[in-house]
Amino acid sequence: MYHDGIREFYSPTHLIFGWGAAARTGIEAKRLGAKRVFVVTDQRVHGAGLSKGPIESLREAGIDIVLFADCEVDPAIATVEKALRLYLAEGCDVVVVIGGGSPICLGRAVALRATNRDKDLRGMEGMNLFGAPPMPTVLVTTTTGSGSEVSPVFIITDAERKVKMNIGGRGAQATVSILDPSLLKTLPSEQVLATGMDAITHSLESFLSNRDSLITDALAIGSLKTLWAHIGPAAFSVNNMESRGRMLVASIMSVQASGNARLGLVHAMSDQICAFHHVSHGISNALMLPTVMEYNLPAAPGKFVELAEATAESGDRRAKGPEAFLEAVDRLYRRLGLATRLPDAVEASSFDEWADRTVENPLFKTTIRQPAKAEIIELYRRAKTGWSYP
Ligand SMILES: [Fe+2]
C-alpha cells in the first residue's frame, strides 16, 4: 500500500447526526456568523413540510431568511445564476440547503459563485479550478446521503452541451452537514435502494482503488458492513428508521472514503447507462457492479477475502476464500430483487463507443485492474447477457 506514493486524507465538513439533529440548523448558521441566510430547497421537500423544522430553528436563532424553493432535479446553470442574483440582491451571508442531491448541488454552486463572481461555472468545471473558497454552507439532507454532503465536488447540468459538469476540489466542501433520520420518513423505497447501492459501490470502489490508504480502507469496510446489513430493511420496511438512520451515516462514510481514494471501473462504465438510458445513477452502478467485481478479483484476492468476511451472513465464522464475496453479491441481489442484466433497450452496437468513454473517464485511472478496450466491451456484453454466480 505504501510503496507507491504519498496519500492524503481531507474531509473538513463538520458532521452533526442523530434523531432531531435538524433542530440545530439555526445554532450552526449563527455560529458561522449568519444574519441573513439564503435557504435553498425544492417544491417536493417544501411541500412535504420537511423544511419547516430547520426554518423555524433559523427564525428562533434570530436569523432573516430569503427562500429559494425552485430547485429542479439536476439543476442547470441558468437556475444557479437566477438563485445567485437573488442571493446577491438580498445581501445574504450563509447558504442553508434543505433537500437531497439536487438542492445541495445548487446551494453549493451559489455559495461558490458568490465568491467567484468573475468566473462562470463553465470556467470552473473540473477539479480545483475555482479561485476563492465558497461562502459558508449548512446542508440539511433529506435523502439517504447523495454524497454531496461531504464530497469535494458538486454537479451542475450544462443544458446546451448536454453534460453534467463536476465542479469543486479541495476547499469546496460544505461547512456543516446535518444528518437527521427523522427527515427520511417519506423517502420512497426505490430511492433508498438506488442511493444505497450507490453507497455500496462507493465503499467497494474506494477499497479497491489504487489510491487507497489505511484510513479510507477503514471507512470503506466499516460503511460496507452497515450498508450491506441495513439496505434491505431501510428500503422495504418503510418505517424502519433505525436502518434508515444507519444507512444515512454509512453512506456519508463511503463518500469520505471515495472522496479521498477515488472510485473505479463500475462508475466509469455505468455513466454511459445512466446518460443514454435514463437509468438512475445508483441503479446503473448496481447493474455493472457484479460483473466488474468478478473482473477485479484476480488483481486483489487478499482484499476480496476481507470483503467476503465483511459481508458474511451473521454467525458464519468459517474461513472465506476470495470467491465467497461474489457469492455474497449474488445473495444480496436475490434478497433485494436487483437486476444483474442490462435493460433490453441497451444495444450491443453502442459498446465500442461506451468503451472509449470508459477509458476517458478520470475514474478509470484509479481502478485496481485496468482492462483493455476489448475487455471493456466484453464486460458490457457479460452484463448485457446477465451476470450470474457461479
Ligand atoms: Fe456514485
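These legends walk you through several close-up views of one predicted model.

Residues are numbered from 1 along each chain, following the sequence as written. Because the model is predicted, local features need pLDDT of at least 70 and side-chain atom pairs count only at pLDDT 80 or more, while totals for chains, interfaces and linings use all residues.

**View 1. Helix α4 meets helix α5.**
Here helix α4 (residues 77–89) packs on helix α5 (residues 101–115) at an angle of about 60°, with the axes 9 Å apart. Therefore α4 is oblique to α5. Helices (H or I, at least four residues) and strands (E, at least two) are DSSP runs, numbered from the N terminus. Axes are lines fitted to C-alpha atoms, for helices over the stretch in contact, and angles run from 0 to 180 degrees between N-to-C directions. Angles under 35 degrees count as roughly parallel, over 145 as roughly antiparallel, 65 to 115 as roughly perpendicular, and the rest as oblique. The crossing of α4 and α5 is right-handed; a crossing has this hand if the near helix is turned clockwise from the far one by less than a right angle, and is left-handed if anticlockwise. On the α4 side, look for Thr79, Val80, Ala83, Leu84, Tyr87 and Leu88, which meet Leu106, Ala109, Val110, Arg113 and Ala114 in α5. The residues of this contact of α4 with α5 divide into 9 nonpolar, 1 polar and 1 charged. Two residues are in contact if their C-beta atoms, placed from the backbone, lie within 7 Å. Ala, Val, Leu, Ile, Met, Phe, Trp, Tyr, Cys and Pro count as nonpolar, Asp, Glu, Lys and Arg as charged, and the others, Gly among them, as polar.

**View 2. Helix α5 on its own.**
From its first C-alpha to its last, α5 reaches 22 Å with 15 residues, close to the 21 Å expected at 1.5 Å a residue. The expected span is 1.5 Å times one less than the number of residues. Helix α5 is mostly covered, with 13 of its 15 residues buried. A residue is buried if 20 or more other C-beta atoms lie within 10 Å of its own, exposed if 12 or fewer, and partly exposed in between, with C-beta atoms placed from the backbone.

Cys92 sits in the loop between α4 and β4 (94–99). With 24 C-beta neighbours inside 10 Å, Cys92 counts as buried. Beyond its neighbours within four places in sequence, Cys92 is in contact with Arg36, Val37, Phe38, Val66 and Tyr87.

**View 3. Helix α6 crosses helix α8.**
Helix α6 (residues 189–207) and helix α8 (residues 241–261) pack at an angle of about 40°, and their axes are 8 Å apart. That makes α6 oblique to α8. The crossing of α6 and α8 is left-handed. Among the residues making the contact are Val192, Gly196 and Ala199 of α6, together with Met247, Ala250 and Ser254 of α8. By class, the contact of α6 with α8 divides into 7 nonpolar, 8 polar and 2 charged residues.

**View 4. Ala250 in helix α8.**
Ala250 has its place in helix α8 and is buried, with 28 other C-beta atoms within 10 Å. Setting aside its neighbours within four places in sequence, Ala250 is in contact with Ala199, Ser223, Thr226 and Leu227.

**View 5. Helix α9 and its surroundings.**
Helix α9 (residues 265–277) has 13 residues and reaches 19 Å from first C-alpha to last, close to the 18 Å expected at 1.5 Å a residue. Its buried residues include Leu265, Val266, His267 and Ser270. The buried residues of α9 pack against α6, α10, α13 (351–360) and α14 (373–385). Just after α9, His278 takes a positive phi of about 50°.

**View 6. Asn285 and the helix α10 pairing.**
Asn285 lies in helix α10 and counts as buried, with 28 C-beta neighbours inside 10 Å. Not counting residues up to four places away in sequence, Asn285 touches Met197, Asp198, Thr201, Val266, His267 and Ser270. The axes of helix α10 (residues 281–296) and helix α12 (residues 324–336) come within 10 Å and cross at roughly 175°. The two helices α10 and α12 are therefore roughly antiparallel to each other. Pro290, Met293 and Glu294 in α10 meet Leu326, Val329 and Tyr333 in α12.
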